[in-house]
Amino acid sequence: MARLPEGALMQRAAAGLAAACAALLAGRGPVPAVRPGRGPGVYGARVVLLIGAGGNGGDALYAGARLVRRGAGVTALLLAPAKAHAGGLAALAAAGGEIIETAEETATDPAYAAHWHHVERMLTRADLVVDGITGLGGHGGLRTGAARLAHAAEADQVPVVAVDLPSGVDADTGEVHGPAVTADLTVTFGTHKPGLLVDPAREHAGTVRLIDIGLDLPGPAAAEALQHADVAALLPRPAPESDKYRRGVVGICAGSARYPGAAVLCVHGALRTGAGAVRYAGPGDQAVVARHPETLVSAGLPSEAGRVQAWVVGPGLGEDEEAGRRVADVLAQDVPVLVDADALRFLDREQLRARTAPTLLTPHAGEAARLLGVEREHVEAARLASVRRLALEYGATVLLKGSTTLVAAPDESMPVRVNATGTPWLATAGSGDVLSGVVGSLLAAGLSARDAASAGAYLHGLAARHAADGAPVDAQDVAGALPAAWRDVKRG
């Protein structure tokens, strides 16, 4: 802002916002924005701007002025009239837009009941609502009046475009403390904010479109999301002289008499992710060999199974004394270890911190809550803070499973990685067992715990998309689609 003429960044943001709104009104957005009886396009569209104090309201007002000049009927509802962006207000008024003062403090005043009823009806008749209520500095949920307006738009399924991020969500943490706007499209500027990538806030953002406004971004980032090219650069590729040990041998200690399928799925995931060989140690050896005859099996302790470059321990292992003995045996070996599912119950924090080889924990929210000594709801509401805390307290890399998968290293200077792939169909029994095999294979190939977890989660989510294609899938489908996901990433 110091280098550019005053207002230049806001004008760039407003231009991008107006273009995104026009595309949505023309039927090129994430949701239909064309009401019955009106053809697609900006001309004749009814657009309502929800304007609070600060820069996001200014962006919305300038964008509204652009839409007016293209033939839209634009009305701005001012929730904080005295603090609304003066330049944006002047621009909208000059273009011919309507401005209505709808002050937040009048929302519960009976004398203004008819006014609020009128503006709520105006929202339900709109073709598009633009959320410019709060900005990056907003904390806590929406106040009563703003929440009423957001609810009115949502109840009638009016398409909502959020400016930079949905009002009511925390930009830095992804947390949501109270009522918040649920957008169909969020137009964000300069860079993604953590709250647009991390649940529960991500659920409020809808489709996210990034507009480059020419910022020089400071580093390091708080969070990052790998893309195809990033993952392709991490994936191992066998050389002409490679043998199974150079490609990586992964050991898998999983399954039990009660849950032999967990062992089968974990092995399947490892084999489909390029492991040179898989050594299996556990009571599910017969089930594993029947399904994957190339597996090297052993019924003894993991340390007796033979040479490996990494271990996976936990899926379907059980909670008895023998399971605990196997977990301790794996953790005593000086190779990278992925600890999942039942094995997480046997962890000793100080012993884990004393390990010299890398450790990767892969809990879901309930398991993470148990490790941290908090309620599951706390982890789900504060996923970013929880994964960071877990990594630091246990001295391990942590992959926190869930609607958004997060990967944190035990180093606060490293950004948390947010997985950008996946599908709700992935919430199916056994998919986590496949993921453990995938990540374990990459660990054995020589990737760091952070890179193996990030690339593995990316491939796993992408495989689920390939397998599902809009329909239900099971864990075997996901494992079977891993080669297609690998090829997809390599092609870019």
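Author: Before we look at two helices, a quick definition: axes are lines fitted to C-alpha atoms, for helices over the stretch in contact, and angles run from 0 to 180 degrees between N-to-C directions. Helices here are DSSP runs of H or I with at least four residues, and strands are runs of E with at least two, numbered from the N terminus. Bear in mind that this is a predicted model, where local features need pLDDT of at least 70, side-chain atom pairs count only at pLDDT 80 or more, and totals for chains, interfaces and linings use all residues. Residues are numbered from 1 along each chain as its sequence is written, and side-chain values use heavy atoms, with hydrogens and water left out.

Reader: Okay, at what angle do the axes of α18 and α20 cross?

Author: The axes of α18 (residues 449–468) and α20 (residues 482–491) cross at roughly 110 degrees and come within 8 Å. Angles of 65 to 115 degrees count as roughly perpendicular, so α18 and α20 are roughly perpendicular to each other. Contact means heavy atoms within 4.5 Å; among the residues making it are Y458 and L462 of α18 and W486 and V489 of α20.

Reader: And how many disulfides does the structure hold?

Author: A disulfide is a covalent bond between the sulfur atoms of two cysteines. Here the test is a pair of cysteine sulfur atoms within 2.5 Å, and the structure holds 0 disulfides.

How values were computed:
Angles under 35 degrees count as roughly parallel, over 145 as roughly antiparallel, 65 to 115 as roughly perpendicular and the rest as oblique.
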